[in-house]
Amino acid sequence: MNISEIAPYEFSSVEARWQNFWRKNASFEVDITQTKKKYYVLEMFMYPSGKVHIGHVRNYTIGDIIARFRRSSGFSVLHPVGWDAFGLPAENAALKQNGHPKDWTYKNIEIMKRQLLSLGFSYDWSREFATCNESYYGFQQKIFLAFYKKGLIYRKESEVNWDPIDNCVLANEQVIDGRGWRSGALVEKKKLAQWFLKITDFAEELLSEIDGLKGWPEKVKTMQRNWIGRSEGCVIKFKTDINEEIAVFSTRSETIFGATFLAISPDHPLSLKLAEINTNIKAFIAEFKKGSVAQEVIDRQEKLGVNTGVTVRHPFLNKDIPVYIANFVLMNYGTGAIFATPAHDERDYEFAQKYSLPIERVIESEGDLPYLGNGVIINSDFLNGLTISEAKAKVIQRLCAIGIGERKVFFRLMDWGISRQRYWGCPIPIAYCDHCGIVPLEEKDLPVTLPYDVDFSSAGNPLDKHATWKRIKCPTCGKNAVRETDTLDTFFDSSWYFLRFCINDPNNSNLLKKEDIAHWMNVDQYIGGVEHAILHLLYARFFAKALSKYGFINVQEPFDNLFTQGMVCNVTYKKENGDWLFPNEVQKKNDGSYEVTATGEKVIVGNIEKMSKSKKNVIDPDVIIKTYGADTLRLFVVSDTPPDKDFLWSDEGLEGCWRFINRVWRLFVFAKSCGANIEENSFSIENCAPDIRELYKNFHRTIKNVTDSLEERAMNKVIAYIRDSVNSIYFLLEKLRGSQIVFRLIIRDLIKLLAPIAPHICEEAWSMLAFSGLVSDNPWPEYNKEYIAITTINLPIQINGKLRGTINVNPEEGEESVFEKALQVSSVQNIIGERSIKKKIYVKGKIVNFVI
RNA sequence: GCCCGUGUGGCGGAAUGGUAGACGCGAUAGACUCAAAAUCUGUUACUCAUUCGGGUGUGGGGGUUCAAGUCCCUCCACGGGCACCA
């Protein structure tokens, strides 16, 4: 048989066949009775938006490769799949298409599930659930009640984006340039009673335990640390001339002698009080209240303030300093008040300049103010001459001693607002009774299910407008009451789903069985986008801690290893008028430029950007799977680029992977034609021809390299090593025809090595070559240490650190003998000539270097 | 502004302080073919010599070392995160 005559690989029927086989045989279902060591692989679950995109494919392929690798390495691998199914887009789509969020969501799940199946992922489908399933959110309501009863959930007034025309609350993404997305009205800040989760109770733990997360990227840990933002400082009470105290928080207490004014937040109680008697202040606060709560607007704001007329006494100086209301002081951090030291703080400096307030230097330095660096304290009475840290310690001690200071730690982290004025979310199991107030529902009344018959035709929360749903009897007194009509933030849903996957039958079980959780947790490998580095991962960590504290489970940190994959990018194409074009709408011309295929219009090739619908630089996985098969796509999305880096789509690269799949296919078919069903134990490598022996030994090195690279999740290297060994096999193809046993052994292990990446073709080859069972069930190949031991090396010889030749030596050979051989190399002799050698270096098995 | 990260051929990228550029893409040549495609086999950092061979090269500059892409200092560029947090 001539290898070039082998027909192309018929992926389509093969892939469908094995997908059906795995599904029918529940090949990847697991339970806790298995005696093997457990391994839990989890990819961040998907929002059912309607279509799987290439970014998902990359994420889930990385996960599947790890899952399949661990499985064949002898682990019992839990690899579940589910849907993060509540959320705003379903409501938007329902509005647009006159449909229902529930129908829209379940229809999308069906479509996307079919897509996932067509990629051959090794999921345990028996554990699949969506967060909008009653069994899931019903249990979530139990968690809510438990947290509520423990005081971890509370109700508080909080600001929201309010659309005054539609009379409804807007999510941040519904505010566009400060206006409501539907009405176009200027969005206002409005206070509304909302539910909060006291995540700040766990701030210290959430921060300190980041250090123990050895398997997390440093970058993510840093982001979480910054987000929690612990700062140590001192709260200082200032006496005012109106018989009140103002408490300020400072981390720079050593600069207190430079304090020339106090600034308080417009939301500070004193501000509000003064507003009642001072129209200037009232106007200032009113102006401040306008405008959006959106961060981008706040960030660009100019520093503004108003003098209250109130003064405070400086604690150490015989002087009074004014109190200003300033828009840059935040009520929700620290005490909502600061002492301002313009000489050593940029914001204070800017404010002082604007309002012509005095600026007094208290840290010695040269150059312009504000000065933020280190130095010696000056103009500060008992602090003079001290360093910053000495002064800080001394002044805090003094403030505490005279009873106006207190050491204090504040966190940037704020409590998590969990209520949303939306329909498509988990109902909050609370009743409001005129007699009893806020009453939690009882467990027997759970789940509180979402009504299907809701009206989206007018603005506002459909649950609130529903005729009957919210009217209930009070669980305590039995009188008429109403339900809470807010639903939970979808981050709440995704904060514990990984625990639910541990339960055998998550759609029917009403328990979070401790033994199941104990068996599967922690997640050994979690994989997802870095966009969830802060919120989702922080909330999930918080849930694990809170649920453990209240006895539901016993898990401290849920994710042992975290892997954040890069984005999938592609070039963009535009018409001259700026309209974006899909890649399949353009074609390359002979001169290398592009034109619109249909019309011949000129095409501008734009930047490489993250694939997104709006820029139309998307690739439809379905089309790729149909044209090249799932294995080719899986191979492509992890080849070349390391999985944590951004991946650039290229049609040529994809073609290259398709060629490689066919190249190995031909190899498999060729191997089959060579026959051989000979037992391994009748084989001795010493009887082989030298080049075949070398090939076989090198293949063992490939096994090692592939295994090591998989351990470090470097799929690009895995593929490089496999390709390299395939090349070597091709090189000796005709000789291998006469060495069936070696050939068969190599092919057998090659199939195993490739199987996690391209499972369909490998399963097919495994069965075609009559190996027993499934390749998915077979153990990972092991390498023979003797075969990879190096017996001769090509030793580089350097002169003054420059490569001048090589010699073949045994790595065990003695130093003197190596030098002798090295000096005989003609290129080395030519350079050394008559010169004397000052120093000879031999690093065993590595290098020779002569210094002349 | 602060905190991370990254900088290597035409491109994606390899390289426990020890032969820089594995593997792939692209390019290019040969074999096969009437021809093309596919396939198989070469070549492919730059540069001078175009024969042996030499020189230069991992963002720039400096340093440590027998030896630096790798370690240290410094500057530059790009990417990301946070950003009135007192």
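Colleague: At what angle do helix α2 and helix α21 pack, and how far apart are their axes?

Modeller: This is a predicted model, so read every value as computed from it. Helix α2 covers residues 54-72, and helix α21 covers residues 690-711. They pack at about 125 degrees, with axes 11 Å apart.

Colleague: Which word describes how α2 and α21 lie to each other?

Modeller: Oblique. Angles over 145 degrees count as roughly antiparallel and 65 to 115 as roughly perpendicular, so a value between those ranges is oblique. α2 and α21 are therefore oblique to each other. The crossing is left-handed.

Colleague: Which residues make that contact?

Modeller: From α2, take I65, F69 and R70. From α21, take T707, L710 and E711. By class, the contact of α2 with α21 has three nonpolar, one polar and two charged residues.

Colleague: What about α7 and α17: at what angle do they cross?

Modeller: Roughly 75 degrees, and their axes come within 10 Å. α7 runs over residues 218-228, α17 over residues 535-549. The range for roughly perpendicular is 65 to 115 degrees. α7 and α17 are therefore roughly perpendicular to each other.

Colleague: How do α1 and α25 pack?

Modeller: Helix α1 (residues 11-24) meets helix α25 (residues 759-768) at about 85 degrees. Their axes are 9 Å apart. That angle makes α1 roughly perpendicular to α25. On the α1 side the contact uses V14, E15, R17, W18, Q19 and W22. On the α25 side it uses P759, H760, E763, E764 and S767. The contact of α1 with α25 has four nonpolar, three polar and four charged residues.

Colleague: Now cavities. How is empty space found?

Modeller: Rolling a probe the size of a water molecule over the atoms shows where empty space is left.

Colleague: How many cavities of 30 Å³ or more are there?

Modeller: Four. The largest cavity holds about 220 Å³ of space. Its lining has 20 residues, with E91, L95, R182, R422 and G460 nearest the centre of the largest cavity. Two elements give two or more residues to that lining: α3 (88-97) and β6 (168-170). The largest share, four residues, is from α3. By class the lining has nine nonpolar, six polar and five charged residues.

Colleague: What lines the second largest cavity?

Modeller: The second largest cavity has about 100 Å³ of space. Its lining includes F28, R68, R71, S72, K752 and W780. α2 gives the largest share of this lining, three residues. The lining of the second largest cavity has six nonpolar, three polar and three charged residues.

Colleague: Last, the backbone. Where are there cis peptide bonds?

Modeller: Look at omega. The bond from L446 to P447 is cis, with omega near -5 degrees. P447 sits in the loop between β20 (437-440) and α13 (462-465). Another cis bond joins M521 and N522, with omega about 5 degrees. N522 is in the loop between α16 (514-520) and β24 (525-529).

Colleague: And what is phi of N98?

Modeller: Near 60 degrees, a positive value in a residue other than glycine. N98 lies in the loop between α3 and α4 (101-117). Recall that α3 also gives four residues to the lining of the largest cavity.

Notes
Residues are numbered from 1 along each chain as its sequence is written. Chains are lettered from A and ligands numbered from 1 in the order in which they are written. This is a predicted model: local features need pLDDT of at least 70, side-chain atom pairs count only at pLDDT 80 or more; totals for chains, interfaces and linings use all residues. Side-chain values use heavy atoms; hydrogens and water are left out. Axes are lines fitted to C-alpha atoms, for helices over the stretch in contact, and angles run from 0 to 180 degrees between N-to-C directions. Angles under 35 degrees count as roughly parallel, over 145 as roughly antiparallel, 65 to 115 as roughly perpendicular and the rest as oblique. A crossing is left-handed if the near helix is turned anticlockwise from the far one by less than a right angle, and right-handed if clockwise. Contact means heavy atoms within 4.5 Å. Ala, Val, Leu, Ile, Met, Phe, Trp, Tyr, Cys and Pro count as nonpolar, Asp, Glu, Lys and Arg as charged, and the others, Gly among them, as polar. On a 1 Å grid over the protein atoms alone, a cavity is a set of points where a 1.4 Å probe fits but cannot get out, and a pocket is an open set with protein on both sides within 12 Å along at least five of seven lines; lining residues have an atom within 4 Å of a point. Grid points are joined across faces, edges and corners, and a volume is the space filled by probe spheres set on the points.
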